[in-house]
Amino acid sequence: MSKSVIETPPKGGFSFDLCKRNEMLSKKGVNPPSFRKTGTTIVGLIFQDGVILGADTRATEGPIVCDKNCEKIHYMAPNIYCCGAGTAADTEAVTDMVSSQLQLHRYHTGRESRVVTALTLLKRHLFNYQGYVSAALVLGGVDVTGPHLHTIYPHGSTDTLPFATMGSGSLAAMAVFESKYREGLTRNEGIELVTEAICSGIFNDLGSGSNVDICVITKGGKEYLRNHLQPNPRTYTSSKGYSFPKKTEVLLTKIIPLKEKVEIIEGGDAMEE
Amino acid sequence: MALKQPENSLLGSESDPHRTLYPYVTGTSVVALKYKDGILMAADMGGSYGSTLRYKSVERMKPIGKHSLLGASGEISDFQEILRYLDELILYDNMWDDGNSLGPKEVHNYLTRVMYNRRNKFNPLWNSLVLGGVKNGNKYLGTVSMIGVNFEDNHVATGFGNHLARPILRQEWHENLSFEDGVKLLEKCMHVFLYRDRSAVNKLQIAKITEEGVTIHQPYSLKTYWEFSAFKNPAQGAIGSW
């Protein structure tokens, strides 16, 4: 893969100069602040016709939920999707980067991307950064060689599995998978099992919550079911929601449409394909 | 093992050799639930010495008095000490000879006091205990941890069981399970432990306590399934990967 010229510190990559000092401080009882884990439940499983990926939608900053409905299933290629757990910035950046690399590769080769390509690109990158890029991924897709499901750990090791879970809610979800998974599930059975596993994470793990996202990938195509299940709806004390007290009378209704200022330039520079 | 204490230790400069600092021989999770006639409890028979599986026939569930059943995970020697304390407790109770006997609730309370007091002296009994029993038709199931956290519930689990078994039990437990359904549910949990807990062994015991008394069944093994096609040739798509 060609590498563009990036400005790197003189030694290249991370600078490990402060490690000895940090170690000395740790011995004295002064520990560095720990990274914020985002808490997640992400799962994947292989069914009859392909792969199903699932994820919860809660993003946390320490004890606070900062995003109630974020997207954890990232696009890699038309036939490959990747769920990400760990530091949100790391998962976003690394999946974006590899997605672009895959696109360039597709132009270069003229073929559909393979899951193992994405796998190798991701694991090489993560290993290079020795676990400091805190991204734990569940990569799934269907290519010419069939359906594939892999897990990638922050240090760069990978596994090929029939079903996988990652994140803080992974044990709760894995308990569901280990007791209920079997080969040759149909599409609806697979979706139900994935939903059950994510719900198990949502309700039993504090780092996961809100809704369930599902992505079904088959040879024919993909189906991204955003918020497939919403088991935690917003509840209001009054069924009518918030209403102003009756005393506020509407005296006058005046709607002023803002003028649309959209200029369409005909015959501009077309991007070369 | 040498005592390693940080230089700015809050415990001062005492290197008291009689304090419990870490466990040595440990048992893994115990899981228990209430069913129609009483309590069902399951635990495997492994005693690990660090990362070695040293003992494979450790009975981690014992009957206490007439009405209770105690299961423990954590340090095995501390569990044996607790059994001696309880022996003494039951003995004194019997000596009263007043027709009354200690029920599971009382034993649970006693254990909570013991665990909490030990932790306050920075010398804990390194166990997570599960106490179940039936007295006068009332089923009781409670748990105590090594720091003295105690509560009572319809289904409990210790150690890894909290993460792996609780989700399953929360979803599938219901009132008035039959004996067969209860055992099936416990076996489901034990299966997940076997696959996903490194200190689990495939030799488990189921114990049952009802109004009639305690039955600890003979140890047996679970069937495991390894025939997934993805396990057969994981590197077929990418040679050199695994």
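How are H1(B) and H2(B) oriented to each other? The points below begin with this pair. The model is predicted, and local features need pLDDT of at least 70, side-chain atom pairs count only at pLDDT 80 or more, while totals for chains, interfaces and linings use all residues. Residues are numbered from 1 along each chain as its sequence is written, chains are lettered from A in the order in which they are written, and side-chain values use heavy atoms, without hydrogens and water.

1. Helix H1 (residues 76-96) and helix H2 (residues 104-120) of chain B pack at an angle of about 130 degrees, their axes being 12 Å apart. Helices are DSSP runs (H or I) of at least four residues, and strands (E) of at least two, numbered from the N terminus. Axes are lines fitted to C-alpha atoms, for helices over the stretch in contact, and angles run from 0 to 180 degrees between N-to-C directions. H1(B) and H2(B) are therefore oblique to each other (angles under 35 degrees count as roughly parallel, over 145 as roughly antiparallel, 65 to 115 as roughly perpendicular and the rest as oblique).

2. In the contact (heavy atoms within 4.5 Å), H1(B) contributes Ile82(B), Tyr85(B), Leu86(B) and Leu89(B). H2(B) supplies Val107(B), Tyr110(B), Leu111(B), Val114(B), Met115(B) and Arg118(B).

3. Ile209(B) lies in strand E12 (residues 204-210) of chain B. Ile209(B) counts as buried because its relative accessibility is 0% (buried means under 20% relative accessible area, exposed over 50%, partly exposed in between, with a 1.4 Å probe and protein chains only). Beyond residues up to four places away in sequence, Ile209(B) touches residues including Asp37(B), His67(B) and Val214(B).

4. The C-alpha atoms of Ile209(B) and Leu83(B) are separated by 18 Å, with the two residues 126 apart along the chain.
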